[in-house]
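Thanks for coming, everyone. I'll walk through a handful of residues, one stop at a time.

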Amino acid sequence: MAKDNNKKFDGLFEDSKILKPSAAFAKQANIGDRKIYEKAFKDPERFWAEQAKNLVWFKPWKKVLEWKEPFAEWFVGGKLNVSFNCLDRFIGTPTQNKAAIIWEGEPGDSQTLTYRQLYTEVCKCANVLKKLGVKKGDRVILYMPMIPELPIAMLACARIGAVHSVVFGGFSSEALRDRINDAEAKVVMTASGGFRRGSIIQLKKNVDAALEEAPSVKSVVVVNRAMDPTHVPLQAGRDFWWHRLMSEVNAKCEAEVMDSEDMLFTLYTSGTTGKPKGIVHTSAGYLLGVNLTTRWIFDLKESDIYWCSADIGWVTGHSYIVYGPLSNGATIVMYEGSPDFPEKDRFWRIIEKVGVTIFYTAPTAIRTFMKWGEQFPNQCDLTSLRLLGTVGEPINPEAWMWYYKNIGREKCPVVDTWWQTETGMILISPLPAITSLKPGSATHPFPGIKAKIVDESGKEVASGSSGYLVLTTPWPSMLRGIYGDMKRYKNQYWSKFPGFYFTGDGAKKDKDGYFWLLGRIDDVMNVSGHRISTMEVESALVDHPLVAESAVVGKNHEIKGQAISAFVTLKESVKKGNGHVELIEELKAHVTKKIGSLARPDDIFFTAELPKTRSGKIMRRLLRDIAEGRALGDTTTLADATVVAKLKDQYEEGE
């Protein structure tokens, strides 16, 4: 707990130890009755059914839940359309003239789309997809920068029943290729380029490279962004300009009637095997989860201007930029570029310019803002803000307090949220009007969610003890599997603790029942809120012709949460010289090429041998101790205990 917790807070909080919501905030809140927890806990199915009535259904469901562990079907027999729920329901109402998307481009260009305008663009894009032969169930890859065309394309896919799979624009051509091939995508929608810190990311160039080994793709649609169109090569018969196709279709497209369990999207996330896995989300349960959590956790109002600073390439952007807010008729803000371009006050300038009322960002970003200093937010008018949120990784109390004081001006509740790509929606978070806050804690499971912290044997741990976070009952927005690999789905999420969904995260619960997340406990690193598999980075390193073996660990990092440290054994034919400085940069670049810049190691250290057990398993725990400068743990199972001691000495010397 931060030292500041001992002071008396004015405004929102009225208690010095546990920070309680003010009566004024509670009075205006969307959800202000604590009885909702008890009601949802006693009969979760009834709770979810009542909340599902807020969606627009073409046909009501016959059964709330069909549960055959680990497979769930929610709202069985129900029919609806996600795009209809985000757009059509507002056409003919005053909301149609309200801003749906306020977009800010990195160079300073901007655009606002009302709900009526967004509806028109989505219908046209849906007709473009139909014209290209896309049918219900076909997969469409979206590899785009943060421009309005991205949510337009997502909603267009949802409108006709196509399955979209958004690939983060920071991924390399090889990572893109792997995702295209796994999804067997028919169409790729991209842009000529995108801006990042004043430079242009060559997205179309990456697509062209990926498609050299991706035979399923028949068409590519290109948004003209950031580049001279005469310098963008188009392959005849395959590549088409977005604006030309959009000008050739009409602006009416009826929403496809979709079953509750029809697939809405797949989203690829890192796994412990190194092979990205396509997480499957379906229509009704997912939409219900993000619609409800957006309204309750962010206390979303008709008058709010809501900004989630995530990239839509990650699940946070899917759930809390696109589907959750738009299904509530909200005004969302999208920003294309970096928070430090052209200056380190860019985020705060946008909040001031647009009048943002709700701001949702990552602890990594907050720690970066702390490092830059409060002079940047202090020179901007942030008085429009009324609620703050954090997402992506556990937040340390010091960063929480800095965010509360310097961005929220000690008047905004901070909702720290825990969830995953797999969960679809936020599962652990405060409800800001009824939850007393503890800086650094995600507080309690959302109504209708049942979670436990268990030990290795699956037994619930005592208060104050750490363990594995598990979910004990199904929830509507849960993943329905891994695309094309249901065996992997069962093994990864349901085998460690039979009857429980294993999150892969460590946690503890204090005497007041508050949950404190501790981060990943498996071989998936959390770097700036992005999940990266150690195996994926190791595979990229070993792919280099000079590398014989590698081991990768995540080490604590003040800004990123975790940084990537790689231990590399070179082939015997490689001659050592000049400390391998040039080779270190070459290997970092190689990982960037194979995966993307987000996976670039911070440190690469060469070693003659890696510490292994007698059975040949690499002792990553010891490597993590070395990387973080800790005393070495138990080394009795090592085949050669001198290896790790030598490596520790080398690491501390910096070679």
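Where is arginine 197 found? Arginine 197 sits in the loop between β9 (194-196) and β10 (199-201). Before going on, the ground rules. This is a predicted model, where local features need pLDDT of at least 70, side-chain atom pairs count only at pLDDT 80 or more, and totals for chains, interfaces and linings use all residues. Residues are numbered from 1 along each chain as its sequence is written, and side-chain values use heavy atoms, with hydrogens and water left out. Helices (H or I, at least four residues) and strands (E, at least two) are DSSP runs, numbered from the N terminus.

Back to arginine 197. Its phi is near 50°, a positive value in a residue other than glycine.

Look for glutamate 184 in the loop between α7 (173-183) and β8 (187-191).

Next, the cis peptide bonds. One runs from glutamate 69 to proline 70, with omega near 5°. Proline 70 is in the loop between β1 (63-68) and β2 (71-76). Another cis bond joins phenylalanine 341 and proline 342, and there omega is about 0°. Proline 342 belongs to the loop between β17 (331-335) and α12 (346-354).

That brings us to helix α12, which holds arginine 346. Why does arginine 346 count as buried? Because its relative accessible area is 9%. What does arginine 346 touch? Leaving out residues up to four places away in sequence, its contacts are Gly105, Glu106, Gly108, Tyr335, Ser338, Pro339 and Phe341. Contact means heavy atoms within 4.5 Å. Note Phe341 in that list; phenylalanine 341 is also part of a cis bond. Now take glutamate 106. Arginine 346 and glutamate 106 are 240 residues apart along the chain, yet their C-alpha atoms are separated by 9.3 Å.

Last stop, threonine 423. Find threonine 423 in the loop between β20 (414-416) and β21 (451-454). Threonine 423 counts as buried because its relative accessibility is 0%. Which residues does threonine 423 touch? His281, Trp418, Trp475, Ser477 and Met478, again not counting residues up to four places away in sequence.

That's the tour. Thank you.

Definitions and conventions. Buried < 20%, exposed > 50% of the residue type's maximum accessible area, 1.4 Å probe, protein only.
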